Amino acid sequence: QEVLIAELNHRVRNILGLIRGLISQSRDGATSVQNFFDVVSGRVQALARAHDQITQQHWGPGALRELIRSEAEAYLAAKADRLILTGPEILIEPQAFSTLSLVVHELVTNSAKYGALCDSRGQVHVTWRTDPSGALELAWREEGGPLVKTPSRRGFGSTIIERSIPHELGGEAEVVFEPAGLQVALRLPGRYVVEAPHRPAGAAHAPSPERQVAG
């Protein structure tokens with residue numbers, strides 16, 4: 001019981017510290033009280049969804065596909081079927097799940113506001129695989145949206161995408177503002193990555209290797 005309580009206290013402190021950081025940093029780019037509220041609310045809700053997925057697994061690893069899908073369905077509505085996921089069934093350890101959920105949240109909301117999903121034509125392709133060391137390599141590629149320009153300043157959303165995984169998890173993140181569409185490459189160390197148990201053919205709800213978010 002003492003070990004469990006100590007672990008719970010550690011997790012609660014980490015979450016509260018993360019929320020405090022989100023509130024503090026989000027105010028810099030806010031243009032109004034309502035804008036500040038909307039930004040912070042969205043980021044806290046992303047953390048809440050990640051927490052729900054982890055607790056459903058009894059603090060075990062959570063599914064990467066479900067993480068991305070839950071963010072897409074929360075913010076894209078009818079556009080969710082334009083975010084196409086391709087990759088094996090991968091689980092992410094709880095220590096990395098919340099951080100990755102914030103990164104995905106920023107990518108989804110940025111695309112919906114300014115990128116390929118802000119109009120009626122663009123698409124986003126998200127592909128992933130594990131390398132020989134067991135690390136996760138994830139690529140986010142937007143196409144068909146408005147012409148992309150490199151921003152003159154980095155907001156807190158960009159900071160989350162570019163720095164969270166390298167600084168908090170020892171991984172890598174690269175953001176490229178290609179004119180045809182934003183491209184992001186993420187690498188998560190293998191210690192946070194678990195291959196999902198193999199499901200026999202014909203099992204109920206067995207996911208296919210490639211599917212769309214709203215499928």
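This is a predicted model: local features need pLDDT of at least 70, side-chain atom pairs count only at pLDDT 80 or more; totals for chains, interfaces and linings use all residues.
Let me begin with E66, which at 32% relative accessibility counts as partly exposed, where partly exposed lies between buried, under 20% relative accessible area, and exposed, over 50% (1.4 Å probe, protein chains only). Residues are numbered from 1 along each chain as its sequence is written, and side-chain values use heavy atoms, with hydrogens and water left out.

The mean pLDDT of the chain is 77, with 65% of its residues at 70 or more.

Back to E66, whose partner in a salt bridge is R69, with the closest N and O atoms 2.1 Å apart; the term means a side-chain nitrogen of Lys or Arg within 4 Å of a carboxyl oxygen of Asp or Glu. Both residues lie in helix α3 (residues 64–76), three residues apart, about one turn of the helix, helices being DSSP runs of H or I, at least four residues, and strands runs of E, at least two, numbered from the N terminus. R69, at 14% relative accessibility, is buried.

Which residue pairs with D131 in a salt bridge? That partner is R187, at 2.7 Å from N to O, and because D131 sits in the loop between β4 (123–130) and β5 while R187 belongs to strand β7 (residues 181–188), the pair ties together parts 56 residues apart in sequence. D131 is buried, at 11%, whereas R187 is partly exposed, at 25%.

Technical notes: pLDDT is the predictor's confidence in each residue, from 0 to 100.
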